[in-house]
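Colleague: I am new to this structure and would be grateful for a guided reading of it. May I put some questions to you?

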Amino acid sequence: MSYPVQTDSKTRLQARLKALAEEISTELAQLESEQSKELLSDFVSELFLSAADQRQKKERRQRQAEGIAAAKAKGTRFGRTAKPLPDNFDELHQAWRDGELTLSKAATVCGMTRTTFYNAAMRKEQAAG
């Protein structure tokens, strides 16, 4: 089933291609026969190569998506492995949650940035409950 937006887009593209073809043929008619045949041949070759490249890119993206999905289904973990949390993280996390320390102070004492400390705290809280 074709949607109106796609049909409208297809119609616009067809009109654009027709106008482009007319413009090219007008310019080619002004050249000598051999020269125009050579340029037209080059243009058609480029058009086919471009279409083939687009198809290959689409197929490559599809295969890549399938490979990623298969790896995830096997449990493969992507990305960098997280550094282990410092030994004092739990007590500093609790002190931060109790309001005894600011986020910045707790992170500094742990030797982490605020964002890293906060993200680790959120992961721990989500895992806990």
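Colleague: Is Lys105 buried, partly exposed or exposed?
Modeller: In this predicted model, Lys105 is found in helix 4, residues 103–110. Its relative accessible area is 45%. Since exposed requires over 50% and buried under 20%, Lys105 counts as partly exposed.

Colleague: How far apart in space are Lys105 and Gly129, C-alpha to C-alpha?
Modeller: Along the sequence, Lys105 and Gly129 are 24 residues apart. In space, their C-alpha to C-alpha distance is 25 Å.

Colleague: Which residue forms a salt bridge with Glu125?
Modeller: The closest N and O atoms of the pair are 2.6 Å apart, and the cut-off is 4 Å. The pair links distant parts of the chain, with Glu125 in helix 5 and its partner in helix 3, 28 residues apart. The partner of Glu125 is Arg97.

Colleague: Which helices does the salt bridge of Asp90 and Lys124 tie together?
Modeller: The side chains of Asp90 and Lys124 meet at 3.4 Å, N to O. Because Asp90 lies within residues 89–97 and Lys124 within residues 114–128, the pair ties together parts that are 34 residues apart in sequence. These parts are helix 3 and helix 5.

Colleague: About how many helical turns separate Glu59 and Arg55?
Modeller: Glu59 forms a salt bridge with Arg55, the closest N and O atoms being 3.4 Å apart. Both residues lie in helix 2, and they are 4 residues apart, so the separation is about one helical turn.

Note on methods: Residues are numbered from 1 along each chain as its sequence is written. This is a predicted model: local features need pLDDT of at least 70, side-chain atom pairs count only at pLDDT 80 or more; totals for chains, interfaces and linings use all residues. Side-chain values use heavy atoms; hydrogens and water are left out. Helices (H or I, at least four residues) and strands (E, at least two) are DSSP runs, numbered from the N terminus. Buried means under 20% relative accessible area, exposed over 50%, partly exposed in between (1.4 Å probe, protein chains only).
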